[in-house]
Amino acid sequence: MKKLSTTLILLLVAVMSIMAQTPEQWAKLEKDVNFYVANDLGRNGYYDQKPIAELMGRMAETVGIECVAAPGDVHHFEGVRSTQDPLWMTNYELIYSHPELMLDWYPTLGNHEYRGNTQAVLDYTNVSARWAMPARYYTKVIEDGGVTVRLVFIDTAPMIDKYRNDTGKYPDAGKQDYNKQLEWLDSVLSSAKEDWVIVLGHHPVYADTGKDTSERGDMQARLNPILTKHKNVSMYICGHIHNFQHIRKPGCNIDYVVNTSGSLSRPKVKAVDGTQFCSGVTGFSLVCADKTTLSLHLIDKDGKVVYTVNHKK
């Protein structure tokens with residue numbers, strides 16, 4: 001009994017020590033520019049969504065984030081019907097309610113938004129002070145401490161024939177001119193002079209997934225040639241697969257990162273060609289940049305850094 005009690009005490013001390021050190025550990029991650037990446041969220045607060053939302057708020061008390069990038073599926077299942085859809089409250093407003101999360105959110109459309117009223121997702125910008133989505137694809141520059149980061153948000157569902165051809169389930173996908181978008185992307189990347197350039201979209205170029213292989217095939221054929229053409233692109237960050245993956249292809253300078261779900265993950269994930277790391281946990285990412293290093297920290301639901309992608313000059 002005495003041995004058991006001693007073991008329990010030591011375990012409790014160890015747990016409390018980890019908890020006490022966590023904010024200190026988070027503080028060490030901070031650089032000049034810091035922001036979150038959170039996607040595949042909308043579960044009405046269920047599963048891990050609410051705890052992860054609260055964790056994001058607590059971490060932001062320590063790390064001064066500039067914004068939240070949300071590359072798709074903020075609303076799961078059938079998207080939203082209007083700017084007044086109750087899902088805006090149960091999936092977003094009442095979940096990400098921490099004061100430190102009351103800053104700009106930069107979303108993109110995911111395949112689940114494409115099942116609903118995509119225009120309502122854009123129009124919510126006129127309703128919410130923090131929902132900042134000026135178009136289906138757009139770019140923002142974050143600057144702090146003399147460090148500049150260009151975020152380029154793209155609309156990936158229209159680049160994939162699976163969605164374009166299913167006019168019943170995804171009525172708006174086939175109406176979008178993806179060639180025009182790719183021309184815009186090429187122009188933006190050609191003129192980008194910032195310290196770091198990151199492209200964000202919902203669908204992966206490379207990933208281990210049970211999804212239709214045509215999704216990645218279309219992304220590799222249509223988007224990837226634009227990304228690899230421009231040597232200033234450091235990372236392509238996406239969601240959709242609901243687990244963490246970091247892939248780097250031989251001879252390519254781009255870090256391809258799949259950000260996990262902020263609510264419900266798919267735990268079965270394995271390495272593919274170029275995989276540097278993969279994990280089936282839920283969570284979000286913290287991106288931190290200074291003049292010499294762009295760091296993307298994969299954070300699990302307990303606030304632990306499970307892996308870091310470091311992209312150096």
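A residue is called buried if its relative accessible area is under 20%, exposed if over 50%, and partly exposed in between, with a 1.4 Å probe and protein chains only. The structure is a predicted model, in which local features need pLDDT of at least 70 and side-chain atom pairs count only at pLDDT 80 or more, while totals for chains, interfaces and linings use all residues. Residues are numbered from 1 along each chain as its sequence is written, and side-chain values use heavy atoms, with hydrogens and water left out.

**Backbone**
- Asp40 has a positive phi of about 50° although it is not a glycine, and Asp40 is buried, at a relative accessible area of 0%.
- His242, also not a glycine, has a positive phi of about 70°, and His242 is buried with a relative accessible area of 3%.

**Aromatic rings**
- Rings of Phe, Tyr and Trp (its six-membered ring) pair if their centres lie within 6.5 Å, and planes under 30 degrees apart count as stacked, over 60 as edge-to-face and the rest as tilted; by this rule there are 14 aromatic pairs.
- Tyr137 and Trp184 form a tilted pair, with 5.0 Å from centre to centre and 55° between the planes.
- Tyr137 is partly exposed at 23% relative accessible area, and Trp184 is partly exposed at 24%.
- One aromatic cluster is formed by Trp88, Tyr92, Tyr96, Trp105, Tyr124 and Trp131.

**Charges over rings**
- A charge sits over a ring if NZ of Lys or CZ of Arg is within 6 Å of the ring centre and within 35 degrees of the ring normal.
- Arg130 lies over the face of Tyr92, at 4.5 Å from the ring centre, and Lys313 lies over the face of Trp196, at 4.2 Å from the ring centre.
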